[in-house]
Amino acid sequence: MKQRSISFNWMAVAFVLAIAMIIPFVLEKHPYYVHIFILVFLFGYLSTAWGLVGQSGQLSFGHAVFVGLGGYTSTILFMDYGVTPWVGMFAGAIVATLFGLIIGYPTLRLRGPYFALSTLVFGLILQTYVVNTQMLGPINLRGAMGLLLPLKNGGDAPAVFQFATKTPYYFIALAMMVSVVLLSYLLNRTRIGSYWTAIRSDQEAAESLGINAGRYRLLAFLLSCALTALGGTLWAQYFHYINAERGMALSLSIEIVLVGVVGGWQTVSGPMIGAMIIIPISELLRAQLGGGFAGLHTLIYGLILMGVILWLPKGLNPLVMRGLKWLGDRLWSTSPSVRTPEDSGR
Amino acid sequence: MAETLISALVAGLLVGGLYAVVAIGLSLIFGIIRVINFAHGSFLMASMYAGFWLWHLWGIDPYLSIIIVVPLAFLGGYGVQHFLIRPMFQRERTYVVEPLGVLLLMAGLDMVMANGALLFFKSDFRAVTVLYGSAAIRLGFLTIPITRLVLLVISVFLAFGLSWLLSRTELGNGIRAVGQNREAAALCGLNVYHIFALTFGLGCAVTAFGGCAMLPFYFVDPSMGLPLAIKSFIIVVLGGLGSIPGALLAGLMIGVVESVGGQFVTATSASIFSLIIFLFIVFFRPKGLMGVLEA
């Protein structure tokens, strides 16, 4: 992405955003489709936040826990202490960062799969605990019941992050996804991003140059935890409900991983593209097939995951980018130079 | 109180035998080939379904079905390694070393197998009913179900058999060499990928052996795989990567901890406890109890 492409790429981004701006008004009569868009943005957000860990060369299999921690913190603060979720979401981010420190500090120094396995196990511990615990000291966790968000003014109270229609949620989710992708993009252009790339490509070489791999991995992980927790609050506010059985589940962690990997983990825009592809497929399959073919859509997920890993190790991101490039060159055929598609893969 | 404790201890050992037999197979795959085999539990599930259908359709006794299921599992494991994982390993040479790719591949395979079973066999719990299913030995206040005792004995035999194979045979030497240093083993003239595939097949065969022996007292259902796979990871890491006796010991330990711990605290707290053991091992002693390979 250099020279000419910059203005062109930003134009394309602005164009897509402009379309995204009018979608909820066009689809006003079809809330279900708006719902799918919100899910796409939510998972695009969560997977991009998850992808920060991937950029430092590690794989987290417990990210659902941070969704749950964010959602639980803000919702409990709202239900029992009257704190608005707009503030609570940042409290959730802090709580998630602290938990991230507990799991990340000892494991990110280790090589190999220990981090991936530890995050998975950590997720199971926390989920099992929350499902089976009514009270944690003075905090009312409500066990397996989960947290049902009390609606204020019938769910029409912007001051406490509750809206009557889907449109505000749509824009909040969109804004969050765009911000996190932008953040990831900008981080990639700083020194930290270069360190991540170096650690990911060859940890030994990076360390021999004096980069503290453990520290920069921890930084990526903690940032990712905090951002994921913010998404957890959005989750709880949008669904008006969060429970550990779903909101901290291994299956949710795997869904976040799947979206990220199919789009292209270790790339900036990959997880977002993954969400745009995976989420509609799953929603439509679920709606079309329903209970008749239990397991079919997860089976298809698994096949997609295997296919991408085997044949497209960088995910669908480079493919989509190449397609967009081709389209762009067709539309703006006057452009003098053409960058190689690989450049835009990052 | 003492009686309760002793019964809990015995029950724990019996459950531990089950854990161990699943973990021993994984120990080969995880410890030697370094594949985070997410699908390990699904391989167990598949072999148990095979045993179940052999019994259901043709009335073949689960213990007898071992002769059919184990070779099939070996071929299946060999095939998975040869056709799915080997291309990933070969790519690693040219690209960055990325063992996480294989992990994700196996996670995908697990989704395919578990949901394939759900699609074709439905979510019903299937069980084999055999005449000796409820037979038990009574020793004073203790009641020991024979089928579970058999599984414990099998797990001990498999562990010792595999240890013998690894330390005393040509193939075992090859497997250990490949596990220690892939490049050096290749330079010594070993066909690394063939040995990997044999190891994977062997791991699956051991698991299938245990799976058939579990059938007389254990339900089969499509979602049984992942929880058992995770438990096996815990056991393998606890026992030490690449150590077969370690896996046996750790399996028995986890079984006893859960069973005895369950006498004092709730069952969920006991299962959380075994997960916490895993984190402690990873944090403070990544080598595990009897680790032979450095982390």
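Chain B meets chain A through 32 of its own residues, which contact 35 residues of chain A. Contact here requires C-beta atoms, placed from the backbone, within 7 Å. This is a predicted model: local features need pLDDT of at least 70, side-chain atom pairs count only at pLDDT 80 or more, and totals for chains, interfaces and linings use all residues. Residues are numbered from 1 along each chain as its sequence is written, while chains are lettered from A and ligands numbered from 1 in the order in which they are written.

On the side of chain B that touches chain A, helices H4 (99-121), H9 (225-239) and H11 (267-284) of chain B each supply at least two residues. H4(B) gives the most, with 15 residues. Helices (H or I, at least four residues) and strands (E, at least two) are DSSP runs, numbered from the N terminus.

The table sorts two contact surfaces by residue class. Ala, Val, Leu, Ile, Met, Phe, Trp, Tyr, Cys and Pro count as nonpolar, Asp, Glu, Lys and Arg as charged, and the others, Gly among them, as polar.

| Surface | Nonpolar | Polar | Charged |
|---|---|---|---|
| Side of chain B that touches chain A | 25 residues | seven residues | no residues |

Chain B holds 11 helices and two strands. Its order along the sequence is α-α-α-α-β-β-α-α-α-α-α-α-α. The radius of gyration of chain B is 19 Å, close to the 19 Å of the globule rule for 295 residues, so chain B is as compact as a globular protein of that length. That radius is taken over C-alpha atoms, and the rule is 2.2 Å times the number of residues to the power 0.38. Of the 295 residues of chain B, 54% are buried (20 or more other C-beta atoms within 10 Å of the residue's own, all placed from the backbone).

Helix H1 (residues 2-33) and helix H8 (residues 192-214) of chain B have axes that come within 9 Å and cross at roughly 175°. H1(B) is therefore roughly antiparallel to H8(B), a term for angles over 145 degrees. Axes are lines fitted to C-alpha atoms, for helices over the stretch in contact, with angles from 0 to 180 degrees between N-to-C directions.

The largest nonpolar core has 204 residues, and B:Leu103 and B:Ile24 are among those that touch the most other members. Such a core joins buried Ala, Val, Leu, Ile, Met, Phe, Trp, Tyr and Cys residues through C-beta atoms within 7 Å. H1(B) provides its largest share, 17 residues.

Technical notes. Two residues are in contact if their C-beta atoms, placed from the backbone, lie within 7 Å. A residue is buried if 20 or more other C-beta atoms lie within 10 Å of its own, exposed if 12 or fewer, and partly exposed in between; C-beta atoms are placed from the backbone. Angles under 35 degrees count as roughly parallel, over 145 as roughly antiparallel, 65 to 115 as roughly perpendicular and the rest as oblique.
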